[in-house]
Amino acid sequence: MSDIITSIDPRGVATVTLNRPEVHNAFNDVVIADLTGIFQRLGNDPAVRVIVLRGAGKSFSAGGDLNWMRRMASYSREENVADAMGLATMLRTLNECPKPTLAVIHGHCFAGAVGLVAACDIAIAADAVQFALTEVRLGLIPATIGPYVVAAMGARACRRYFLTAERFGAGEAHRLGLVHEVVGPDDLDAATERHIANLLAGGPLALAAAKDLIRVVDGPVTDAMVADTAARIADARAGDEGREGLASFFDKRKPGWVK
């Protein structure tokens, strides 16, 4: 059985499933490298509209595989830097993927897996999910996932949870902004489909441009930013997708990208 299962349905919804249920979908260097390639491929595939990230079995993911971490302990510093860059690259690839990404979380979501969630655009969780950033309990730190988790939860919350490594529930994750919605376990699939439907209603090019816009405007408003945003909306209006979207609105019909 593959450690990662990827499928694409007729709508263009790609589902990436971590498939190591016997170790609660803990990931190692091989899984990380495979995920990097998968996110790159799906991000560049014009047939893919949405990417859903899930875990098989009882948990979303327990984070780093213990055998992998045991091997890392015997690595030189240079080897550790190279290994860590693998995880850092995978997370950045996911974070910057031009397609909308949706994390669907159940069971446990620990350590590096919290970074996977934070790097996705939208995250929904079953109400019984337990989260934890457990690195300091092993004498480590949540370094490569840090930029994404701090952006999602805020520095103040991370001052607590990075340091205490305590578990927190889905409700707290929602309050902090790590997840966008919490539902009962029986409602998780329906919530997933609702978010997918909302994403499929948007123009594919507009969705990618909107994701890129967020990175550009996340900072002080400058003359350069104002000019850049004006150019971006002008490009969208003048493009084929923008013209189709406006035409369909005034014609009271669905745009061409809605099946």
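Is the crossing of α5 and α6 left-handed or right-handed? The crossing of these two helices is right-handed. Keep in mind as you look around that this is a predicted model.

**Two helix pairs**

Helix α5 covers residues 146-153 and helix α6 covers residues 155-164; their axes lie 7 Å apart and form an angle of about 120 degrees. Because of that angle, α5 is oblique to α6. On the α5 side, the contact is made by Gly146, Val149, Val150 and Met153. From α6 come Ala155, Ala157, Cys158, Tyr161 and Phe162. Sorted by class, this contact of α5 with α6 has eight nonpolar residues, one polar residue and no charged ones.

Now turn to α9 and helix α10 (residues 223-238), which pack at an angle of about 175 degrees with their axes 11 Å apart. That angle is why α9 counts as roughly antiparallel to α10. Here Ala209, Asp212, Leu213, Val216 and Val217 of α9 meet Met225, Asp228, Thr229 and Arg232 of α10. The contact of α9 with α10 has five nonpolar, one polar and three charged residues.

| Pocket | Volume | Lining by class |
|---|---|---|
| Largest pocket | about 760 Å³ | 19 nonpolar, eight polar, four charged residues |
| Second largest pocket | about 600 Å³ | 16 nonpolar, three polar, four charged residues |

To find the largest pocket, which has a volume of about 760 Å³, start from Trp68, Met69, Met72, Glu135 and Leu140, the closest to its centre of the 31 residues that line this pocket. Helices α2 (66-72) and α3 (77-95) each give at least two residues to the lining of the largest pocket.

Which residues lie nearest the centre of the second largest pocket? They are Asn95, Ala118, Cys120, Asp121 and Ile214, out of 23 lining residues. At least two residues of the lining of the second largest pocket come from each of α4 (112-119), β6 (122-126), α5 and α9 (204-217). The largest share of this lining, five residues, is supplied by α9.

**Linking the two views**

Two helices from the packing section turn up again here. Helix α5, which packs against α6 with axes 7 Å apart, also supplies at least two residues to the lining of the second largest pocket. Likewise, α9 is roughly antiparallel to α10, and α9 gives five residues to the lining of the second largest pocket.

Definitions and conventions: Residues numbered from 1 in each chain as written. Predicted model: local features only at pLDDT ≥ 70, side-chain atom pairs only at ≥ 80, totals over all residues. Heavy atoms only, no water. Axes fitted to C-alpha atoms, helices over the stretch in contact; angles between N-to-C directions. Helix = DSSP H or I, 4+ residues; strand = E, 2+ residues; numbered from the N terminus. Parallel < 35°, antiparallel > 145°, perpendicular 65-115°, else oblique. Left-handed = near helix turned anticlockwise from the far one by under 90°. Contact = heavy atoms within 4.5 Å. Nonpolar A, V, L, I, M, F, W, Y, C, P; charged D, E, K, R; others polar. 1 Å grid on protein atoms, 1.4 Å probe; cavity = no way out; pocket = protein on both sides within 12 Å on 5 of 7 lines; lining within 4 Å. Points joined across faces, edges and corners; volume = space filled by probe spheres on them.
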